[in-house]
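Here are my notes for a first look through this one. Have the structure open as you go, and take the points in order.

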Amino acid sequence: MALGTLGDRRTKDRVAREIMNRKADPTGALFQVAVLFALLLALAILVLLLQDVVRGSWPVLSERPGDFLSAELRTRADETGVFQPLRGTFWIGVFVVVLAFPIGIGAAIYLEEYATDNRFSRFVDLNIRNLAGVPSVVYGILGFTIFVRFADGFFPGSVGDHAGKTTAAAGVTLAVLVLPIVIITSSEAIRAVPRELRDGAFGMGATKSQAIRSQILPYAAPGILTGTLLSLTRALGEAAPLILVGAVTGKLGPNTGFLELEQLGEKFTALPITIANFAGRPGEDWEQVTSAAIVVLLVMVLMANAVAILLRNRYEKKRR
Amino acid sequence: MPRSVQSPGGRLHVQRSNRRSTRMLGLLIGLVLVAAACGSSDSDSDSPSSAEDDAAAGDVSGAINVSGSSTVEPVTARAAELFNDNVSNDVEITVDGPGTGDGFQLFCLGETDISDASRAIKEAEAADCEANGISYVELLVAFDGIAVMTHPDNAITCVNYGDLYALLGPEADGFGNWAEAQAIADELGTTNTFPDASLDITAPGTESGTYDSFIEIVLEGIGEQRLGEDADTFIRTDIAGQAEDNVIIQGVSGSGSSLGWVGFAFAAENADAVKVLEVDDGQSGCIAPTIDTIADGSYPVSRPLYIYVNTERAATDDGLVQFVDYYFGDAYIDSVTRAFGDTGYVALPDDLLAATQAAWEGR
């Protein structure tokens, strides 16, 4: 008992000392300044980049915003537009949402809820993690060897010339590229679901699939959504795999509308590819066009991010 | 017993979860549709329902696929644009520029109708085409001349490949003064005495064909002899490349002892600001680049640009024939000399253009 009080007093003293001394903690203060500086530096670089791009794009985006979005690729800087690359990037996004999201989330559910912890499942898990780190160019080669050839003749109108270098092949390639990321982020979100929730569901007599659908997935939804939509933005910004799958740079012939499914079997181009191509052309007006195309891609990516945040907030509110 | 307890509760759960997941799915689909609708408003103004026009068009239609050299890409893309604007919008022309070699690979597989090339077809590539039964006609399009320039104050008027190698080759890494390159130039048999002045180099960016061609034509030969064929680079690595040709002109005119090179069209436009040097390739003496010397091939630092047309395809596809006709007809001057908007390549003199047209007619 006496020993206990003594111990208590010592702890109290130590806590008091800690509180008193906090003001005179030079290393701590230095650390705080250092991390603040890191944050400011990161912000400054971002702001600098953004204002440079936006200012560079201003002549184009202020003078002919509609025309720039609706015009095809042209060889004259004052006539060119990003309709075709915007369309390509949009459809690549659709492929990622339709293919990578359900397959990835499904695989994650299996890995977390059904797979038993044995050598095989650990091997699969390790491989998925490694796949997430594979350079995107490698996926481009995969896309070329498998999907470009597979897509040959698969869609109406894709038989013959340039057969497999289609929007569909590009979309599937990028869906495969982000698949491991979707699986990993979804797995982590599912793993973070509290054990009590599961036990509660089983306690109520729910079957496994009922527990997954009614409790686990809704609870994990915010985490899953954030991860998957971030992987979507990654896919929208990729250029390297698309070079190998055959994105067109100079002039894209087929003039299908934005939503016509027919174009899935036709040649394509995408915003990152177009940006790189514009940047290589001479003259100040091409610089402006390049900046404008970058702004279009940024807006697209930011929109996807905004959707991710909105959905996450929505599901987080529901969770409570 | 447990079962009877479970089923009402369980069903309730299922129903609620179904509603939730449907809502989630609905939201996702809604988003896709909203995004799509946003996009479709863009497309309305753009796509003049080409599919419907196809049926009505009695003229020409179809698709033409072009791939190959990125140097020629803007010329063909411009010609295609003009063709769609002025002749027929129903021919879908796609122009890509992955490179001459990649272009021939596709061409000889029959995947493209026209192959852009910044060099003549190689024997191996021609054999490839023959093996696949692809017959073609080679059409000379233009010349891509490269002008070597210095400041008008510089006394030097003519350089040979050895001089340029001494000043710009990998062995010149770090040279900041013309005189430093004298030793190597002497070794290579120069007749010039370099000034004792700073060596201010302004060169095209590494991404440009002008940069590559200059190395290939001027520096590679001597570099291979002196350093072996496997050398990492045949050009000094401390040159800051300029993507914009006008900046190269500014750089060269901004220093009294400058050195640089640029596409011929730009140098000719700025003949008062820079001095275009004569070049000696060691065979035909000092020759200044002019439209004539580039066109007749006597000026050494230039390369021919070609298109190769699949003749079998041309025999059956009227759209392809009309396009190539137009390429070397009404579109020719605009697309060749103003491929980049303000500037372009050296157009063929009349006799060579006539020869190209004759080659096309006689396919």
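Is B:Ala185 buried or exposed?

1. B:Ala185 counts as buried, because 23 C-beta neighbours sit inside 10 Å. The cut-offs: a residue is buried if 20 or more other C-beta atoms lie within 10 Å of its own, exposed if 12 or fewer, and partly exposed in between, with C-beta atoms placed from the backbone. You'll find B:Ala185 in helix H7 of chain B. Leaving out residues up to four places away in sequence, B:Ala185 touches B:Gly162, B:Asp163, B:Ala166, B:Thr190, B:Asn192 and B:Phe194. Touching, or contact, means that the C-beta atoms of two residues, placed from the backbone, lie within 7 Å. B:Tyr161 is 24 residues from B:Ala185 along the chain, and their C-alpha atoms are separated by 9.4 Å.

2. Some housekeeping: this is a predicted model, where local features need pLDDT of at least 70 and side-chain atom pairs count only at pLDDT 80 or more, while totals for chains, interfaces and linings use all residues. Residues are numbered from 1 along each chain as its sequence is written, and chains are lettered from A and ligands numbered from 1 in the order in which they are written.

3. Now chain B as a whole. There are 15 helices and 13 strands in chain B; helices (H or I, at least four residues) and strands (E, at least two) are DSSP runs, numbered from the N terminus. Chain B has 363 residues, and 42% of them count as buried. Take the contacts in chain B between residues at least 6 apart in sequence: 74% of these join residues at least 24 apart.

4. Next, the domains of chain B. The assignment gives domain 1 (13-144 + 303-361) and domain 2 (146-302); such bounds come from an automatic or database domain assignment. Domain 1 of chain B puts 13 residues into the contact and domain 2 of chain B puts in 10 residues. On the domain 1 side, the residues split into 6 nonpolar, 5 polar and 2 charged. Here Ala, Val, Leu, Ile, Met, Phe, Trp, Tyr, Cys and Pro count as nonpolar, Asp, Glu, Lys and Arg as charged, and the others, Gly among them, as polar.

5. Have a look at helix H4 (residues 100-108) of chain B. Its buried residues are B:Thr100, B:Gly103, B:Phe104, B:Leu106, B:Phe107 and B:Cys108. What covers them includes strand E1 (62-68), strand E3 (114-117), helix H5 (123-131) and strand E12 (302-310) of chain B. After H4(B) comes B:Gly110, with a positive phi near 80 degrees.

6. B:Gly174, in the loop between helix H6 (161-168) and helix H7 (182-187) of chain B, is exposed because it has 9 other C-beta atoms within 10 Å. B:Asp232, in the loop between helix H8 (209-227) and strand E7 (241-242) of chain B, counts as exposed with 7 C-beta neighbours inside 10 Å. The C-alpha atoms of B:Asp232 and B:Asp116, 116 residues apart along the chain, are separated by 28 Å.
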